[in-house]
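Open the model in your viewer and keep the sequence panel beside it. The stops below each begin with something to select.

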Amino acid sequence: MAKSFWLTIVLLAVVGSARAGGDACVAAGDWVDPAGGAALAPSAVFDRAAGSAVVLLGEVHDNPDHHRWQLQVMAALHGRTGSVVLGFEAFPRRVQPLLDRWVAGELDEAGFLDAVGWTRIWGLDAGLYMPLFHFARLNRIPMVALNVDRSLIERIGEVGWDAVADEARQGVGDPAAPDPAYVAMLVTVFRDHRAMAGDDHDANVIGPDDPAFHRFMDVQLTWDRAMAERLAAVGSDTLVIGVMGSGHLEGGQGVPHQLADLGVGDSMVLLPWDQGRDCAELSPGLADAVFGIAPALLAAAPDKPRFGVLIQGVEGRLTVLDVAPDSVAQSLGVAAGDVIVEAAGLAMAEPSDFVVVMKRQAPGTWLPLVIDRDGEHLEMVARFPSEPEAVQ
């Protein structure tokens with residue numbers, strides 16, 4: 001187990017994201033009670049949220065409208081209470097002093113992103129989150145880093161929570177035991193991870209007693225507990241708004257479950273609901289309220305080239321797990337088991353290094369690579385077609 005755990009748990013945030021099929025059971029722009037599908041007045045939702053101790057806002061990380069919705073909710077609650085704190089899953093707690101400096105106006109945007117190491121700690125397009133960060137800065141609203149450093153996540157993925165020494169737990173306490181429904185959901189996610197990673201045995205036979213699954217579950221519970229502890233530590237006199245993947249919130253599991261164990265039972269879960277999602281999932285207990293998100297109408301933009309590999313960082317080596325058929329990587333001769341040593345003259349040690357290079361790559365350009373194959377260094381040049389839609 002290695003750095004793929006960090007990326008896999010990020011994928012958990014898309015559990016319950018938009019799916020094909022289903023009616024528009026939540027109209028765009030409407031608030032709805034999942035327990036019965038009744039429409040809710042926005043003022044009623046915000047009034048109740050303003051009286052809660054903690055409000056948790058879900059997201060699919062790469063959905064721009066989810067973040068616009070989060071900003072809307074933040075503004076409404078700030079207007080009602082005048083005293084809020086914003087907590088973010090994206091940041092490990094070690095960067096808290098940098099969040100304080102950002103809110104105080106001591107760092108510009110580029111300096112802030114560089115100082116926190118945004119590409120390494122989160123990796124998604126910073127533009128999705130910057131409006132939220134600017135809202136905090138503009139109003140001098142404290143920002144709180146909810147997460148732990150990925151080194152702890154990776155260690156737990158390797159040996160499990162119980163085998164991690166107390167001094168290496170980054171201050172996180174023992175998580176509360178999960179409900180059976182949460183365990184069942186995590187089993188499904190773990191099976192999907194195994195299948196995606198090209199595991200050589202039937203992923204469907206993996207059950208809750210599998211030792212590898214238990215390490216996987218320990219990762220998720222640690223993540224949930226760490227965020228809950230940081231939210232609970234803010235205090236009862238201030239409304240705390242937590243921003244995180246919906247997979248940490250749905251069904252009252254994850255972070256709400258850990259908050260309750262910490263004595264914070266007065267938390268409210270609000271989720272974006274993408275039209276097209278299966279209406280059968282709009283069930284009692286999913287959340288306190290959901291907000292309808294219309295399908296995005298985006299101006300056509302040039303697609304970035306894709307290389308076509310599934311990669312994993314292991315002890316400073318970027319290993320290829322799988323190669324997409326009919327992709328640039330396949331045409332180049334890259335194979336599963338290869339190690340990407342360099343790309344564009346830069347050393348590759350983890351997935352985020354390669355992501356940065358690919359974001360800079362334009363259609364119709366060349367990318368020099370150094371590949372380690374069974375101890376032999378091979379120099380290759382990937383050629384991206386000028387029509388990005390043809391690239392897998």
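**Whole chain.** Begin with everything displayed as a cartoon, bearing in mind that this is a predicted model. The protein chain contains 13 helices and 14 strands. Of its 392 residues, 49% are buried. Switch to a surface view: the accessible surface is about 16,900 Å², and carbon and sulfur atoms account for 52% of that area. Among the contacts in the chain with a separation of 6 or more, 69% join residues 24 or more positions apart.

**Nonpolar cores.** Select Phe 91, Trp 118, Phe 133 and Leu 270 and show their side chains. These residues touch the most other members of the largest nonpolar core, which has 47 residues. Now centre on Phe 133. Not counting residues up to four places away in sequence, Phe 133 touches Phe 88, Phe 91, Trp 102, Phe 112, Trp 118 and Met 143. Another core, of 33 residues, lies apart from the largest one; Val 32, Val 85, Trp 273 and Ala 287 are among its residues.

**Helices H2 and H3.** Select residues 42–50 for helix H2 and residues 64–81 for helix H3. The two helices pack at an angle of about 65°, and their axes are 10 Å apart. Their crossing is right-handed. On the H2 side, the contact is made by Ser 43, Phe 46, Asp 47, Ala 49 and Ala 50. H3 contributes Val 73, Ala 76, Leu 77, Arg 80 and Thr 81. Coloured by type, the residues of this contact are six nonpolar, two polar and two charged.

**Strand E11.** Select residues 339–343, the strand that holds Glu 342. Is Glu 342 buried, exposed or partly exposed? Glu 342 counts as partly exposed because its relative accessibility is 32%, between the limits of 20% and 50%. Beyond its neighbours within four places in sequence, Glu 342 is in contact with Ala 347, Met 348, Pro 368, Leu 369 and Val 370.

**Two loop residues.** Move to Ala 344, in the loop between E11 and strand E12 (346–347). Its phi is near 55°, a positive value in a residue other than glycine. Most residues other than glycine have a negative phi. Ala 344 is partly exposed, at 39% relative accessibility. Finish at Gln 170, in the loop between helix H8 (150–159) and helix H9 (180–196). Gln 170 also has a positive phi, near 55°, and is partly exposed with a relative accessible area of 26%.

Key:
Residues are numbered from 1 along each chain as its sequence is written. This is a predicted model: local features need pLDDT of at least 70, side-chain atom pairs count only at pLDDT 80 or more; totals for chains, interfaces and linings use all residues. Side-chain values use heavy atoms; hydrogens and water are left out. Axes are lines fitted to C-alpha atoms, for helices over the stretch in contact, and angles run from 0 to 180 degrees between N-to-C directions. Helices (H or I, at least four residues) and strands (E, at least two) are DSSP runs, numbered from the N terminus. A crossing is left-handed if the near helix is turned anticlockwise from the far one by less than a right angle, and right-handed if clockwise. Contact means heavy atoms within 4.5 Å. Ala, Val, Leu, Ile, Met, Phe, Trp, Tyr, Cys and Pro count as nonpolar, Asp, Glu, Lys and Arg as charged, and the others, Gly among them, as polar. Buried means under 20% relative accessible area, exposed over 50%, partly exposed in between (1.4 Å probe, protein chains only). Accessible areas come from the Shrake-Rupley method with a 1.4 Å probe; for residues, only the protein chains shown count as cover. A nonpolar core is a set of buried Ala, Val, Leu, Ile, Met, Phe, Trp, Tyr and Cys residues joined through side-chain atoms within 4.5 Å.
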